[in-house]
Amino acid sequence: MITRIEIDGFKSFENFALDLPPFLVLIGTNASGKSNLLDAVTFVATTATRGVDAAVAEVRGDPRGLFRRRGDGNRVDRMRFALEILLPGRLSHLCRYELDLVWAEPVGAIEGIVAERQRIVRLGPESSLRWASAVGVAAEGLRPWPVPLKAGHVIDLTGMPPVIGSGATKPEQARAELENLANTLLHSPSRPGTDVERADETILAGVWQELNLVRFLHLEAGALRRTSELGGPSRMDATGRDLPNYLRSLMLRTASDNRPLGVVGDIKMHLTGLVREISDFTVDKDDRRRDVRLEFFSPYEQRLDAEFASDGTLRMLAILASLHDDGVVAVEEPENGVFPERLRQLLNLARGLVTDLRQSVEDDGRDNTAWHRQAIFTSHSPVVLDAVPYENIAFLDMTTVIEDGVPSRVSRVRRLREDAGPVRVAGERWPRVTDSELDRFRAGVEEPV
Ligand SMILES: Nc1ncnc2c1ncn2[C@@H]1O[C@H](COP(=O)(O)OP(=O)(O)OP(=O)(O)O)[C@@H](O)[C@H]1O
Ligand SMILES: [Mg+2]
């Protein structure tokens, strides 16, 4: 779970910080920075797992354009990011991944983005207490780290191209470490040979996997409708392409003797609850055609190919599927194509499906070693504003900052939680959103400039 993001110099962000609860909706009008924030999360996650080049190739915008443009038209030359992460097992020490990227124009070489510094810092237990109080989750749900690891210890990854995935740890080593992650951390703290390096490797594998599980969804009906190639990608891309393969892989990964469909059984239950025109769906592998396809069933007609299913049905299915998977999912504008009442239901479901830190580890019923589930949505819908408790909302808009006498427009974020003691929580430099601002947003009226 990503507990905090700090961004400086990327797109519209200047000294930006936001603590993230397990379920968060980013609300704001057009061009307030909602998508920029999701871009930042995916950009850092991709850089950390697959390298700068892959991240630059996949992000919205050209490489130089990613650097913040100031009011005078000049761009900054440095982007700084930090992601704080709660690893599985609910251990109370957070890990902080820091990445500094610069724009380099070396003489005689090609210009581009270069990783100047990257490292992981083990934070002390006070970090998770601060986070728990900032986002309103119960700190009792967290447990002390069983290994006496030194807080503040730094794992320096600078100069290890191309970053954590294949540089510091080989992928197969990372995977092996991962399988042992919970055991290493939880059950054998004093195993002979457990030393700082071993703990470092484990943390590295954990952070790598956490970032590898980040999924970004900006769904397009055309992509959702398509069949998957047998043996093709088992993850959906951002547009929702390969939804059939994704559902099939979720099913195979989570199936057991008494639950042959695994979580797909739950997804069916939720989808038919949301869309009453659908009574079932199947994910069928066709060996002759070498594809995997979705088929829907309605209480009225017999069968419906995915090609003829409604846009909203497919969108809800893709979002539900992703909510039943581990790690962080970021979803753009769930309101698109979804009827308000169903949207409210969908958001309620989402809130119930993320990791609940109010429950004790024992009551949670989920495996300790399981990855946390987290969901971040963007929206400019008043329906969403009223369907989600204030504690799960962050409000984005643009504001003016003065740097060296030059005014620049930057994104700011404010939480809506009324009970949060101090108005200016660490990293949140702005006052609380006023009721009249919210009323204007509900009425769909712009703020006066
Ligand atoms: N490099 C940059 N420097 C400064 N500002 C930038 C930069 N790149 C993008 N922006 C700002 O970010 C805005 C776009 O923000 P974003 O795409 O996050 O909007 P959004 O909140 O998702 O809006 P919508 O609801 O329309 O999708 C642009 O209008 C521009 O003002
Ligand atoms: Mg957007």
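How far apart are the end C-alpha atoms of helix α8 (residues 243-254), and what should its twelve residues span at 1.5 Å a residue?

A: This is a predicted model, in which local features need pLDDT of at least 70 and side-chain atom pairs count only at pLDDT 80 or more, while totals for chains, interfaces and linings use all residues. Residues are numbered from 1 along each chain as its sequence is written, and chains are lettered from A and ligands numbered from 1 in the order in which they are written.

The end C-alpha atoms of helix α8 are 16 Å apart, which agrees with the 16 Å that its twelve residues should span. The expected span is 1.5 Å times one less than the number of residues, and helices (H or I, at least four residues) and strands (E, at least two) are DSSP runs numbered from the N terminus.

Within α8, the buried residues are Leu 243, Pro 244, Asn 245, Tyr 246, Leu 247, Arg 248 and Leu 250. A residue is buried if 20 or more other C-beta atoms, placed from the backbone, lie within 10 Å of its own, exposed if 12 or fewer do, and partly exposed in between. Among the elements that cover these buried residues of α8 are α7 (221-224), β9 (228-229), α9 (263-274), β10 (280-286), β11 (291-297) and α10 (311-323).

Two elements of that cover, β10 and β11, run antiparallel and are joined by seven bridges; two strands pair if DSSP finds at least two bridges between them. Thr 282 has Glu 295 in β11 as its bridge partner. The hairpin of β10 and β11 has four residues between the strands, and in it Arg 290 takes a positive phi near 55 degrees. Most residues other than glycine have a negative phi. Glu 333, in the loop between β13 (327-331) and α11 (340-353), also has a positive phi, of about 45 degrees, although it is not a glycine. Glu 333 counts as partly exposed because it has 19 C-beta neighbours inside 10 Å.

Asn 15 likewise has a positive phi of about 45 degrees without being a glycine, and it lies in the loop between β1 and β2. Asn 15 is partly exposed, since 14 other C-beta atoms lie within 10 Å. Phe 16, by contrast, is placed in strand β2 and is buried, with 25 other C-beta atoms within 10 Å. Although Phe 16 and Arg 412 are 396 residues apart along the chain, their C-alpha atoms are separated by 7.1 Å. Leaving aside residues up to four places away in sequence, Phe 16 touches Glu 6, Ile 7, Asp 8, Ser 411 and Val 413, where contact requires C-beta atoms, placed from the backbone, to lie within 7 Å.

Strand β2 belongs to an open sheet of six strands, paired antiparallel in the order β2-β1-β4-β5-β6-β7. Because β2 (16-19) and β7 (154-156) stand at the edges, each with a single partner strand, one side of each is left without a neighbour in the sheet. Further inside the order, ten bridges join β5 (residues 95-104) to β6 (residues 112-122), which run antiparallel, and Glu 98 stands opposite Arg 119 in β6.

Technical notes. Two residues are in contact if their C-beta atoms, placed from the backbone, lie within 7 Å.
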